[in-house]
Every structure is written in structure tokens, then in C-alpha cells.
Amino acid sequence: MEKIYIKNSEVNKSEILIENDLSKNIDDFLDINKCFFITNSTIAKLYPEILYKFNDKKIIIIKDGEKYKNYKTCNYILNKLLEEKIERNDCIVAFGGGVVGDIAGYCASVILRGVKFIQIPTTLLAMCDSSIGGKTGYNTSFGKNLIGTFYLADKVLIDPMFLNTLDDYNYKCGLGEVLKYAFIEKSCKCEKFYNLEDILTVNQTKDVKNEMVKIIACCVSLKANVVSLDKSENNLRKILNFGHTFAHAFETYLKYKKISHGEAVSYGIKCASKLSYEMKKIDDNYYNKINFLIDKFSLTNKKLKFKKQKILELMMYDKKVQNKKINLLLPVAPLEVELFDNIDLLLLEASLP
Ligand SMILES: NC(=O)c1ccc[n+]([C@@H]2O[C@H](COP(=O)([O-])OP(=O)(O)OC[C@H]3O[C@@H](n4cnc5c(N)ncnc54)[C@H](O)[C@@H]3O)[C@@H](O)[C@H]2O)c1
């Protein structure tokens with residue numbers, strides 16, 4: 001079993017366990033009688049054998065979808081928890097993808113001023129990214145994740161076997177983030193070098209499911225290190241957004257249809273690399289390597305054509321914009337990225353699809 005820890009302070013720490021079939025013995029890792037279990041309607045149908053272990057009255061099932069990641073759903077959960085008389089030493093368990101994890105984490109952080117919180121992520125994105133690092137929240141009409149808290153899960157129990165039921169679209173969503181970690185590994189300042197890029201390159205096929213424990217453990221270790229060094233996204237944590245300034249603009253332009261978030265991130269990484277190459281920050285060798293890996297996983301196979309001016313306008317909404325200047329993370333050496341604020345807009349435009 002892989003065990004990874006995040007520690008921000010003596011009281012604020014998180015234990016992350018990764019193993020195939022770990023969920024079969026879920027009772028070994030949590031006190032079922034003390035747990036309130038939050039999941040969505042899709043996952044509840046797929047995994048009745050997990051729900052069955054919990055007390056019916058303490059199971060809260062929410063509707064499936066990003067559009068339900070809102071105040072109403074949180075309010076519904078909080079009322080249910082109060083109705084069932086949740087106590088300070090009870091625990092909230094999130095069983096699902098990033099949406100369930102973010103909402104359940106938010107509820108755990110505010111109810112009775114905070115109760116224990118455990119995540120059991122079921123998507124690749126949630127296993128590698130959203131269940132790690134303590135960001136919780138929900139969407140409002142003003143934008144995504146604008147209300148939220150930083151609240152580390154006490155435990156994250158990762159069982160890659162849940163990926164067997166995940167569809168291709170959501171699998172690619174996670175893979176895009178995995179590739180992101182591969183290209184920022186050195187910037188994550190981990191003592192150990194995992195060489196995620198190599199693990200992904202050496203494997204001959206696109207299907208890396210048999211390597212999943214290793215791959216997820218790499219991503220989790222990298223994020224855990226970054227988060228331990230920068231809990232509230234002051235500085236280092238920004239590197240986790242590599243490819244995302246482009247990606248968010250592409251997703252908004254396409255109205256969140258046509259491509260998954262992971263594919264958008266992959267297009268974003270390609271644009272950032274092209275720009276960096278044109279700015280002479282990286283050589284042909286590394287530029288080709290980045291493109292090879294993204295192509296290997298077929299993450300940018302769709303023929304996309306954008307009105308470039310519109311994409312530039314959308315990029316100005318990025319949270320890293322300062323003094324009306326776009327700040328972009330660009331690769332500067334193998335597996336290293338840096339934040340730039342002096343971007344030549346003509347070169348930027350030329351890097352877009
Ligand atoms: N907190 C963070 O640090 C952080 C980081 C990245 C993303 N996020 C958030 O995560 C969310 C996206 O997460 P996501 O991609 O997991 O989406 P999601 O939670 O909506 O899950 C995607 C779909 O897959 C289904 N699903 C989940 N597990 C399954 C399984 N094992 N088998 C079959 N179907 C399954 C879900 O029901 C859903 O329909 C966004 O709201 C985003 O803002 C948060």
C-alpha cells in the first residue's frame with residue numbers, strides 16, 4: 001500500500017492511502033457508526049455494496065452533475081446532517097468525483113465549525129487532484145468555486161479499481177491532469193524524483209490502468225509536497241495551473257461542450273510549450289517530447305479552430321492576471337515551469353490553435 005502525508009501544521013494533516021481493492025475492507029479505515037456518507041445518484045447505483053455498509057439514515061445522496069455544485073445542494077446536505085443530529089466527533093465521508101468531494105468537504109468544514117472529513121475519490125481527476133490539498137467549495141452565478149474553504153481531509157482512501165466503471169470522457173479528464181504533473185515534476189520541489197514522464201513514456205500502450213497505483217501515487221506525492229509548502233495558494237501552488245489559463249479560455253469558448261477539462265488542459269500545455277519554444281526557453285528536443293506524450297494519449301485529436309482574439313479576451317479573466325497583464329506558466333527546462341508576465345501578444349496569438 002502507498003502511504004503519503006500532507007502536513008501544514010501539527011493540527012492540520014492528511015493521510016493518503018492508495019491500493020487496489022482497498023475499498024473492499026473500508027471498515028478497517030473508518031468507524032462506520034460515526035460516519036455520514038455523501039455520494040451522488042450515479043455512484044450510489046454503481047456501488048451498492050459500499051453503501052450497504054453504512055446506516056441508511058446517515059447516507060445522503062445528491063444529484064449528479066456540476067450544475068448541482070451549488071448553495072442549494074450544500075444547504076440540503078447541511079440540513080440533513082443537522083436533522084440526524086451530527087456531533088462534533090462524527091465524520092463526513094465523500095464518495096465520488098470532484099463535485100461530491102468539493103461539496104462534502106465544504107459542508108464538513110462549516111458544520112459545527114468543522115468535523116472530521118474522509119474522501120474516497122472515484123474519478124481519476126479526484127484521485128490525482130481534487131481530493132488532495134483541501135480546497136472545497138461550490139459554484140455561484142458569478143463563477144466556479146467562488147465560495148469555499150481550505151480544509152484538508154483527515155484521510156483520503158484511493159482505490160483505483162473504481163476507475164473500471166469510469167467512462168472514456170471522464171478518464172481523459174483525469175489523464176490531462178496526470179500529464180500536467182509529469183511536466184511540472186521538478187518545479188514541485190519534491191526530495192524524491194519519481195520521473196512520472198518516464199513512467200508514462202515507457203509504457204507502450206495508451207492504457208496505463210495496470211500502472212495506476214504508481215501513477216496516482218506520483219501525482220499525489222507531487223501535489224502533497226506543493227500543498228505542504230504552500231497551503232493557501234500564495235506562490236508555489238500556482239504551478240498546478242500549468243496549461244489551465246489556455247484551458248479555461250478554450251472551455252468557456254466551447255461552452256463546456258465538445259472537450260473535457262483534461263483535453264482542454266492538454267491543448268493548453270501544447271500552446272504553452274509552443275510559446276515557450278518560440279521564446280527560445282526550451283529546445284526542439286523537449287518541445288517534441290511534450291507533444292509526443294500528449295499525442296500518445298490522444299488528448300488533442302479533435303480539430304479545434306478558435307477566433308484567436310476571443311480566446312485572448314477570455315484569457316484576461318484568468319485569476320493570475322495582474323495590472324491587465326496575462327501571467328502564464330511556461331516550460332523553461334525539462335519538467336520545470338516558470339511564471340511569466342511579459343508575454344508578447346503576437347507570439348501568444350500564434351501559439352493558439
Ligand atoms: N478541490 C480541488 O482542488 C479541485 C481540483 C480540480 C477540480 N476540482 C473540481 O472537481 C470537479 C470535477 O471533478 P470530476 O472530474 O471528478 O467530476 P464529477 O465529480 O462530476 O464526476 C464526473 C462524472 O463521473 C461520474 N463518476 C464518478 N466516479 C465514477 C465511477 N467510478 N464510475 C462511473 N462514473 C463515475 C460522476 O457521477 C459524474 O457523472 C469540478 O467541480 C472541479 O471544480 C476541484
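1. The largest nonpolar core holds 97 residues, and the members that touch the most others are Ile38, Ile92, Val93 and Val220. Helix 8 (residues 212-229) gives the most to this core, with ten residues. Domain 1 (2-166) and domain 2 (167-353) each supply at least three residues to this core. Please keep in mind as you read on that this is a predicted model.

2. Val93 is worth a look in your viewer. Setting aside neighbours within four places in sequence, valine 93 is in contact with Leu30, Cys35, Phe36, Phe37, Ile38, Ile118 and Ile120. Ile38, one of these partners, is also among the core residues that touch the most other members.

3. Now for the division of the chain. The domain assignment places residues 2-166 in domain 1 and residues 167-353 in domain 2. Taken over C-alpha atoms, the centres of the two domains are 27 Å apart. Their contact involves 23 residues from domain 1 and 22 residues from domain 2.

4. On the side of domain 1 that touches domain 2, the elements giving two or more residues are strand 1 (2-7), strand 2 (13-18) and helix 5 (124-130). The residues of that side comprise 15 nonpolar, four polar and four charged.

5. Finally, a spot towards the end of domain 2. Leucine 347 sits in helix 13 (residues 345-350). Why does leucine 347 count as partly exposed? It does so because it has 13 C-beta neighbours inside 10 Å, whereas a buried residue needs 20 or more and an exposed one has 12 or fewer.

6. Which residues does leucine 347 contact, leaving aside its neighbours within four places in sequence? They are Leu275, Glu278 and Met279. For glutamate 278, the C-alpha atom is separated from that of leucine 347 by 7.3 Å, although the two residues are 69 residues apart along the chain.

Methods. Residues are numbered from 1 along each chain as its sequence is written. This is a predicted model: local features need pLDDT of at least 70, side-chain atom pairs count only at pLDDT 80 or more; totals for chains, interfaces and linings use all residues. Domain bounds come from an automatic or database domain assignment. Two residues are in contact if their C-beta atoms, placed from the backbone, lie within 7 Å. Helices (H or I, at least four residues) and strands (E, at least two) are DSSP runs, numbered from the N terminus. Ala, Val, Leu, Ile, Met, Phe, Trp, Tyr, Cys and Pro count as nonpolar, Asp, Glu, Lys and Arg as charged, and the others, Gly among them, as polar. A nonpolar core is a set of buried Ala, Val, Leu, Ile, Met, Phe, Trp, Tyr and Cys residues joined through C-beta atoms within 7 Å.
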